[in-house]
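Please open the structure in your viewer and keep the selection tool at hand. The tour moves from one selection to the next.

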Amino acid sequence: MSWNAVVRAHDSHRGDLLRFFSEGGSTPFREELDLLGELEGKSLIHLQCNSGGDSISLARLGATVTGVDLSDEAVSSARALAEKTGTRAAFERADVYDWLAEALREGRHFDVAFASYGVICWLSDLRRWARGIAGILNPGGRFVLIDFHPAADIFDGDWNHVSDYPYGGEPLLLEEGVGDYVAASDGGLAPAGFAEGIRDFENPEGCYLFRWGLGEVVTALAEAGLRITALEEYPYANGERKFAGMRELPSRRMVPPEHIPKIPLMYGIRAEKG
Ligand SMILES: C[S@@+](CC[C@H](N)C(=O)[O-])C[C@H]1O[C@@H](n2cnc3c(N)ncnc32)[C@H](O)[C@@H]1O
């Protein structure tokens with residue numbers, strides 16, 4: 001599986017996370033923390049949690065956190081980090097659709113659901129996903145999503161307009177599989193400090209991703225009965241250097257070179273259950 005193959009390469013660049021956390025460090029960016037709001041005493045399900053750095057940070061802000069991810073490697077890495085940092089956070093390995101259906105059957109409910117940075121493109125069925133999230137939220141609970149903006153997907157790495165705006169969950173075969181975007185971020189995705197780690201990683205496993213527009217994400221959540229209370233668009237990408245000439249502003253905000261007119265590079269949604 002493409003994600004299992006790449007996790008070790010990603011983790012190899014993430015620096016000394018133990019020291020980072022022991023010195024009070026926290027991995028989430030300001031934008032998601034603003035959308036999440038107060039977390040003390042809240043139960044929080046972190047969907048597609050990857051290696052768990054954000055899950056552990058959110059637990060340290062007072063939430064009771066469960067992380068879910070498809071990748072065995074990511075989940076074992078997250079469990080090891082929780083244990084080493086002495087953080088109480090649970091991690092479950094599952095496909096997100098299966099997990100949401102099972103949680104609903106078992107009557108599990110959460111105050112907050114959260115997913116971030118590179119999650120929508122792995123989902124083949126947005127309606128099923130949104131219904132699942134609505135089903136496991138407590139009344140008054142909130143879902144927070146922050147992700148890279150589909151408007152940026154019309155460009156290749158050199159800012160040439162080469163693709164249609166994403167629509168309809170169109171599948172796209174990535175023969176080269178999930179890449180080492182943590183290495184490519186040149187420190188942008190390594191808040192504990194960048195480590196050289198595994199060089200020139202090549203993923204032996206290809207994968208499919210799914211191209212969705214922003215309107216489709218919002219509509220799926222609204223159709224699932226959630227009330228959209230925030231839809232933010234940001235003219236920068238946190239951490240990720242996806243295009244040529246990206247400049248880094250404070251707080252690891254990556255912006256295009258000056259000659260490129262501004263476009264939204266990420267968006268955030270808060271959706272609440274009545
Ligand atoms: C780009 S990462 C998310 C980044 C993460 N928020 C972080 O802080 O590192 C996408 C994650 O989605 C997971 N994933 C992909 N498809 C999935 C599925 N069907 N069910 C559950 N997790 C899935 C991958 O294993 C991967 O860990």
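Select serine 116 together with the ligand: in this predicted model, a polar backbone atom of serine 116 lies 2.8 Å from a nitrogen atom of the ligand. Taken alone, the ligand exposes 600 Å², of which the protein buries 91%.

Next, select valine 96. Here too the backbone is involved, with one of its polar atoms 2.8 Å from a nitrogen atom of the ligand. Then move to aspartate 69, where a polar side-chain atom is found 2.6 Å from an oxygen atom of the ligand.

Now widen the selection to the 15 residues around the ligand; those that come nearest are Asn50, Asp69, Asp95, Val96 and Ser116. Colouring this shell by class shows 7 nonpolar, 5 polar and 3 charged residues.

Viewed for handedness, the crossing of H7 and H9 is right-handed.

Notes
Residues are numbered from 1 along each chain as its sequence is written. This is a predicted model: local features need pLDDT of at least 70, side-chain atom pairs count only at pLDDT 80 or more; totals for chains, interfaces and linings use all residues. Side-chain values use heavy atoms; hydrogens and water are left out. A residue is near a molecule or strand if one of its heavy atoms lies within 4 Å of it. A polar contact is a pair of N or O atoms within 3.5 Å; within protein, one must be able to donate a hydrogen and the other to accept it, and residues adjacent in sequence count only if both atoms are side-chain atoms. Accessible areas come from the Shrake-Rupley method with a 1.4 Å probe; for residues, only the protein chains shown count as cover. Ala, Val, Leu, Ile, Met, Phe, Trp, Tyr, Cys and Pro count as nonpolar, Asp, Glu, Lys and Arg as charged, and the others, Gly among them, as polar. A crossing is left-handed if the near helix is turned anticlockwise from the far one by less than a right angle, and right-handed if clockwise. Helices (H or I, at least four residues) and strands (E, at least two) are DSSP runs, numbered from the N terminus.
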